[in-house]
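Subject: Structure handover

Hello,

Here is the structure for you to take over. Please open it beside this note; what was found follows below.

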Amino acid sequence: MSRKLIINLATADLKAATDFYLKLGFGFHPLFSSDGASCIVLCDHLYLMLLTQEKFSAFSPKPLVDSQQQTQVLNCLTCQSKAEVEQLVHKALQAGGKTYNQAQEHPFMYARGFQDLDGHVWELLYMEMLQATV
């Protein structure tokens with residue numbers, strides 16, 4: 001069985017959040033989208049479900065955190081190159097996101113992150129050794 005990962009994130013403004021991720025170059029899956037949710041296609045087996053805060057709360061057994069003030073999860077997305085890391089950060093900034101760290105360069109990896117419009121943290125990571133194993 002081929003598995004897929006679906007990340008669910010609450011958003012204060014579904015249209016603005018959807019537009020933000022589309023500006024980063026990710027796809028949109030209309031079949032799994034509605035007035036309360038947008039399905040963003042990050043890659044073949046990785047999806048991001050943006051849910052209105054009300055819709056997200058209906059699925060969650062716990063109250064929502066204020067993602068502008070608290071971190072509930074760190075999302076890490078691998079990239080094909082250092083250049084792709086920087087391109088995605090640049091696109092995020094252009095779309096209204098913000099950075100929270102400087103680029104981290106180590107002999108084994110290159111990383112940099114951004115926060116989306118709701119403050120959700122995304123770490124972008126390039127590891128040459130991962131490219132060789134895929």
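Ile 6 has a relative accessible area of 46%, so it is partly exposed. The classes are set with a 1.4 Å probe on protein chains only: buried is under 20% relative accessible area, exposed is over 50%, and partly exposed is in between.

Two notes on the source. This is a predicted model: local features need pLDDT of at least 70, side-chain atom pairs count only at pLDDT 80 or more, and totals for chains, interfaces and linings use all residues. Residues are numbered from 1 along each chain as its sequence is written, and side-chain values use heavy atoms, with hydrogens and water left out.

Ile 6 sits in strand β1. Strands (E, at least two residues) and helices (H or I, at least four) are DSSP runs, numbered from the N terminus. Setting aside neighbours within four places in sequence, Ile 6 is in contact with Tyr 47 and Met 49. Contact means heavy atoms within 4.5 Å. Pro 63 is 57 residues from Ile 6 in sequence. In space the two are 20 Å apart, C-alpha to C-alpha.

**The largest pocket**

A pocket is found on a 1 Å grid over the protein atoms alone: it is an open set of points where a 1.4 Å probe fits, with protein on both sides within 12 Å along at least five of seven lines. Lining residues have an atom within 4 Å of a point. The volume is the space filled by probe spheres set on the points, with grid points joined across faces, edges and corners.

The largest pocket has a volume of about 360 Å³. Its lining counts 21 residues. Nearest its centre lie Ala 10, Val 65, Ser 67, Gln 72 and His 120. Two elements give two or more residues to this lining: β1 (5-11) and α2 (53-59). β1 gives the most, with five residues.

By type, the lining divides into nine nonpolar, 10 polar and two charged residues. Ala, Val, Leu, Ile, Met, Phe, Trp, Tyr, Cys and Pro count as nonpolar; Asp, Glu, Lys and Arg count as charged; the others, Gly among them, count as polar.

**Strand β3 and its partners**

Strand β3 (residues 37-43) has five of its seven residues buried, so it is largely enclosed by the rest of the structure. Strands pair if DSSP finds at least two bridges between them. β2 (residues 27-28) runs antiparallel to β3, joined by two bridges. Gly 27 has Val 41 in β3 as its bridge partner. β3 also pairs with β4 (residues 46-52), antiparallel, over six bridges. There, Cys 43 is bridged to Leu 46 in β4. A hairpin of two residues joins β3 to β4.

**Aromatic pairs**

Rings of Phe, Tyr and Trp (its six-membered ring) pair if their centres lie within 6.5 Å; planes under 30 degrees apart are stacked, over 60 edge-to-face, and the rest tilted. The count is three aromatic pairs. Phe 20 and Phe 114 form a tilted pair, 6.0 Å centre to centre with 55° between the planes. Phe 20 lies in helix α1 (residues 14-23) and Phe 114 in strand β7 (residues 109-115), so the pair ties together parts 94 residues apart in sequence. Phe 20 and Phe 114 are buried.

Tyr 21 and Trp 122 have ring centres 6.1 Å apart and planes at 65°, so this pair is edge-to-face. Tyr 21 is in helix α1 and Trp 122 in strand β8 (residues 121-126), so the pair ties together parts 101 residues apart in sequence. Ring pairs link Phe 20, Tyr 21, Phe 114 and Trp 122 into a cluster.

Best wishes
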